[in-house]
Amino acid sequence: MDIDSNQQIDKAATAPQASDHQAVWLQGLNAPQLEAVTTLDGPLLVLSGAGTGKTRVLTSRLAQLVASRTAAPWNILAVTFTNKAAREMKARVGQLVGPMVEQVMLGTFHSIAARMLRTHAELVGLRSDFTILDTDDQLRLLKQLMEADGLDIKRWPPRQIAFHIGRWKDRGLTPDKITRAEAGDIANGKIADLYRQYQERLITLNAADFGDLLLHMLVIFNKHHDVLAGYQARLTHIMVDEYQDTNIAQYLWLRLLSSKHHNLCCVGDDDQSIYGWRGAEVGNILKFSTDFPEAVTVRLEENYRSTGHILAAASALISNNETRLGKTLYTSDDLGQKVHISGYWDGQEEARSLSSQIESLMKRDHDLNEIAVLVRAGFQTREFEERFIAIGLPYRVVGTRFYERAEIRDAMAYLRLVYQPADDLAFERIINTPKRGLGDASLQIIYAYARAAEKPYFAAASDLLDSDELKTAARRQLGQFVIQVERWRDQLGIMPPGDLARIILDESGYTEMWQTHKSADAPGRLENLKELVVAIDDFDTLGSFLEHIALVMDNDTSPTEGEVTLMTLHAAKGLEFETVFLPGWEEGVFPSQRTLEENGGAGLEEERRLGYVGITRARRNLYISFAANRRVHGLWQSSVPSRFVAELPSEHVDEDMAQGLSIGRAEPVMIGGADTRVGKAGYGPGWQRMARAGHAQIASPARDAGGYAETSSGGGFQIGDRVFHQKFGMGDVRSVEGDKLDIAFDKAGRKKVVSSFVSKP
Ligand code: ATP
Ligand code: MG
């Protein structure tokens, strides 16, 4: 073990000096902040509302710990919620204390645990170069184990099993801790055993999944007291940001590490706990004082971020939650602008208006980097992205831009292949997605033949169907695929492109692939796919849509001075902007229907916290909006404003409604509400217009014929020729049909092969 526990600096000799209070990181702090920053020993909880300077306190405290020589940089562990936050904190502390910041153990739970586990990997049977598995590998592994166990993977999709195992890991539960009751009848009651086998396989493979990083460290700490003691001696001071969103495994890990010195400082806000769906336990923050009875709790009440009306609106909204500690927040700032609430006729009008508001802010020299558009779900960025591109407004998406998301690229590849059979990149991307049993070997045969015959992959694949080059099973699968694609192609120009896209995604099994995915992001991906179809519905032909996309994708903004930020509310935690737009505040969208259905009242409260997080990101200007009609997942809905809009007190808002719209304060809306869905007939322009096949040339890889092998069709073979085939060996040509040969092989019998695969010996 290479932890140097002797490096701790002698505290007595270098106690904080009075002059430290003049230090730059202490300047301007209010009294409770100063108390938190200078309370360096013992457990400390900073529990307070948004924008009260919790993160600033952590940063200043880190500087104070080092400058006062209470702890050396390597004695400090600082945990942030995202890698981005870690980088920011490092930069901020770096300015205060210089390059010493490099020695602080600073990062997310996962990054720190991964670093630790590499040092002690052998204690759980891993080597230090273990791989961290991605989801695909993880599922493949589970599937193998399940099949070996004779489990029906249709009934129990590996995704679902992986999900349960992940949640157990979040709770620090190793396989031996899974009780019968816990396991229930999942996978016919075999899930605990599967979990055990899965863990064993991972060790054999020298691999760990994401949840293992912390879990293994917990096991090591519990079994190897010397290791734990080493870290305890070294890490004398521990700090954690966003503590309300820690899960149980993280909590246990922190407790073990801090149990010697008790110098654990956690900051958080129970009102901002928004990751319950991923295993976060708001209870961790609520029981801090029970865990550490000697804990000092500091409450910060002055909000430095937002102006009066914004803060009042946020406080009023969150006061509707019953399960909360309750806090007072005030600002010394002026009241500022009221919260602008706008109601629009439909989502497009909302996007148009929002972008012209941003344009006029820009004309008044508003820094674009200080503007954010925050949405509830990832698919909602699409409408804004297209609008921003259309008017040339620089923007960046935190997360992935809509058309660059994997599922969108997959879906686009299907459409491109149907539209443009020579699109080899598209073919490669989706030929085995979802899995069609076409392994690398089969694909290599197709690609080799295509190169030799100078044909596109799709044409090559059709050719190979009449030969024995491919194994029977692969040939059957490929045959079905080719027939499907040709059938879809027949519908070009007949069926409206949005409908065709929907059918392609369904018939290909692509939609189902995500439906059976039990990962946390699968529902979001399905929403994105539906949003894609919505986008296509606006076009007359698939061709014109694909051309539009080719242009959109090409429109990568060159580095500019500033960019509007587009991201989800979840991703915005901890950040702040001068101006914030919160569109889509409609029942069903926000609060999200799915959350309400799955988690009822608790789900509603988590949604409301998300609203609170959204509002409190704004410093001076806040625009909330909703639309009366919206196409959600391909269906036109007439929607009612979110109940959260009605919860904002009228004295803090300015309303600007399209004709006939109102916030609906008088009658709060019920969960679920009436079924407001309207069929799409009569709305989508693409639905009514006659579709014509488009003629647009879509960016597709030009085939570089020059790069292909010269040996091609016919091959100069004749009946009776003696030939050699890599796989089938020697044989005699019995008939020649174009470039296909019928050969009687000495060992393999009669086969049809493509001429480029055989040679004259
Ligand atoms: P959140 O709950 O959203 O994570 P937070 O409590 O972590 O918020 P910070 O991000 O640390 O709050 O601070 C909010 C803003 O207030 C920042 O711009 C910060 O620089 C500023 N701020 C914090 N404390 C003070 C202070 N004493 N004087 C002036 N500005 C301050
Ligand atoms: Mg913060």
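Trainee: Is the crossing of H2 and H3 left-handed or right-handed?

Mentor: The model is a predicted one, and in it H2 covers residues 54–67 while H3 covers residues 83–97. The crossing that these two helices form is right-handed.

Trainee: How many residues of the contact of H2 with H3 are nonpolar?

Mentor: From H2 the contact draws on Thr 55, Arg 56, Leu 58, Thr 59, Leu 62, Ala 63 and Val 66. These meet Met 89, Arg 92, Val 93, Leu 96 and Val 97 of H3. Two residues of this contact are polar and two are charged, and the number of nonpolar ones is eight.

Trainee: How many charged residues does the contact of H14 with H26 have?

Mentor: H14 contributes Ile 310, Ala 314, Leu 317 and Ile 318, whereas H26 contributes Arg 608, Arg 609, Gly 611, Tyr 612 and Ile 615. By class, six residues of the contact are nonpolar and one is polar, and the count of charged residues is two.

Trainee: Which residue has a polar backbone atom 3.0 Å from an oxygen atom of ligand 1?

Mentor: Ligand 1 is surrounded by 19 residues, the closest being Gln 33, Lys 54, Gln 272, Glu 576 and Arg 617. A side-chain N or O atom of Arg 305 is 2.9 Å from an oxygen atom of the ligand, and one of Tyr 304 is 3.4 Å from a nitrogen atom of the ligand. The residue with the backbone atom at 3.0 Å is Gly 51.

Trainee: Which residue does a cis peptide bond join to Phe 590?

Mentor: The bond has an omega of about 5°. Its second residue lies in the loop between strand E13 (577–582) and H26. That residue is Pro 591.

Trainee: Is the peptide bond from Thr 433 to Pro 434 cis or trans?

Mentor: Pro 434 is located in the loop between helix H18 (424–430) and helix H19 (440–453). Omega for the bond from Thr 433 is near 0°, and the bond is cis.

Trainee: What is the phi of Arg 69?

Mentor: Arg 69 belongs to the loop between H2 and strand E2 (76–80). Although Arg 69 is not a glycine, its phi is positive, at about 60°.

Trainee: What distance separates the C-alpha atoms of Ala 192 and Lys 177?

Mentor: Ala 192 is part of helix H8 (residues 191–204). Leaving aside residues up to four places away in sequence, Ala 192 touches Pro 175, Ile 178 and Ala 183. Lys 177 is 15 residues from Ala 192 along the chain, and the C-alpha atoms of the two are separated by 9.0 Å.

Notes: Residues are numbered from 1 along each chain as its sequence is written. Chains are lettered from A and ligands numbered from 1 in the order in which they are written. This is a predicted model: local features need pLDDT of at least 70, side-chain atom pairs count only at pLDDT 80 or more; totals for chains, interfaces and linings use all residues. Side-chain values use heavy atoms; hydrogens and water are left out. Axes are lines fitted to C-alpha atoms, for helices over the stretch in contact, and angles run from 0 to 180 degrees between N-to-C directions. Helices (H or I, at least four residues) and strands (E, at least two) are DSSP runs, numbered from the N terminus. A crossing is left-handed if the near helix is turned anticlockwise from the far one by less than a right angle, and right-handed if clockwise. Contact means heavy atoms within 4.5 Å. Ala, Val, Leu, Ile, Met, Phe, Trp, Tyr, Cys and Pro count as nonpolar, Asp, Glu, Lys and Arg as charged, and the others, Gly among them, as polar. A residue is near a molecule or strand if one of its heavy atoms lies within 4 Å of it. A polar contact is a pair of N or O atoms within 3.5 Å; within protein, one must be able to donate a hydrogen and the other to accept it, and residues adjacent in sequence count only if both atoms are side-chain atoms.
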